[in-house]
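Dear colleague,

I am handing over the structure we spoke of, and I would be glad if you could look through it before reading my notes, which follow below.

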Amino acid sequence: MFGELTNSTDKDIHLTKVTGDLDAVYQYHEVVDGVMRETADGLTIPANSSMTLEPGGHHIMIMENHDDIAAGDQLTLTLTAEDGAIYTLADIPVRVQQSGHEDYGTDGMDMGDMDGMDGMDGTESSGAAHETGHADDSGQH
Ligand SMILES: [Cu+2]
């Protein structure tokens, strides 16, 4: 899954767990020397900044999925931080995307901006997902 996670608080947010509404395994991944692997320690979104999840970089991986997914579907992601805060991203659109630096097959997903990350008190907040453009990815090969 790709998109941009925005931390609008003045504290780093250390995400340690990711789950979703599919019967699948979700992991935070990184790409090192062209090889992707699970990150050693989740994802940290620095205070007042954003992290882009994109092909060839950090991303959220869905593996061992047992549910059908098709372009046009919408998925929900639940990100849990080290301090117990839970961030729910709903209505993430599924679309077909050509594989880039990695072998994802042909199905890719887009994640909306995570604008709801100021809920540091552990309450659930939902970020409104919207399409993020990846048209410029093709120029970065
Ligand atoms: Cu991966």
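**Notes on the model**

Glu30 counts as buried, because its relative accessibility is 18% and the limit for that class is under 20%. Please keep in mind throughout that this is a predicted model. The side chain of Glu30 meets that of Arg37 in a salt bridge, with 2.9 Å from N to O, and Arg37, at 45% relative accessibility, counts as partly exposed. Side chains of opposite charge can pair when their charged atoms come close.

The metal site comes next. The copper ion is coordinated by His29 through ND1, Met36 through SD, His59 through NE2 and Met61 through SD, at 2.0 to 2.3 Å. The arrangement is tetrahedral because the angles subtended by the four donor atoms around the copper ion run from 99 to 114°, and the class requires all angles to lie between 85 and 135 degrees. Along the chain, the donors of the copper ion follow the spacing H-x6-M-x22-H-x1-M.

As to the fold, the secondary structure of the protein chain consists of zero helices and 11 strands, which gives the pattern β-β-β-β-β-β-β-β-β-β-β when read along the sequence. Of the contacts in the protein chain between residues at least 6 apart in sequence, 69% join residues at least 24 apart. The protein chain has 141 residues, of which buried residues make up 40%.

The largest nonpolar core holds 23 residues, and those touching the most other members are Leu5, Leu15, Ile60, Leu77 and Leu79. Among the elements that give two or more residues to this core are strand E2 (13-20), strand E3 (25-32), strand E7 (59-63), strand E8 (74-81) and strand E9 (86-96). In soluble globular proteins, nonpolar side chains tend to be buried together.

Finally, a word on confidence. The mean pLDDT of the protein chain is 80, and 69% of its residues reach 70 or more. Over residues 115-141, however, pLDDT stays under 50, and the model has 59 contacts beyond four places in sequence for these residues.

With best wishes

Conventions:
Residues are numbered from 1 along each chain as its sequence is written. Side-chain values use heavy atoms; hydrogens and water are left out. Donors are N, O and S atoms within 2.8 Å of the metal (3.2 Å for Na, K and Ca); water is not among the atoms, so sites may look incomplete. Four donors count as tetrahedral if all angles lie between 85 and 135 degrees; four count as square planar and six as octahedral if opposite donors are over 155 degrees apart and all others between 65 and 115; anything else is irregular. A salt bridge is a side-chain nitrogen of Lys or Arg within 4 Å of a carboxyl oxygen of Asp or Glu. Buried means under 20% relative accessible area, exposed over 50%, partly exposed in between (1.4 Å probe, protein chains only). pLDDT is the predictor's confidence in each residue, from 0 to 100. Contact means heavy atoms within 4.5 Å. A nonpolar core is a set of buried Ala, Val, Leu, Ile, Met, Phe, Trp, Tyr and Cys residues joined through side-chain atoms within 4.5 Å. Helices (H or I, at least four residues) and strands (E, at least two) are DSSP runs, numbered from the N terminus.
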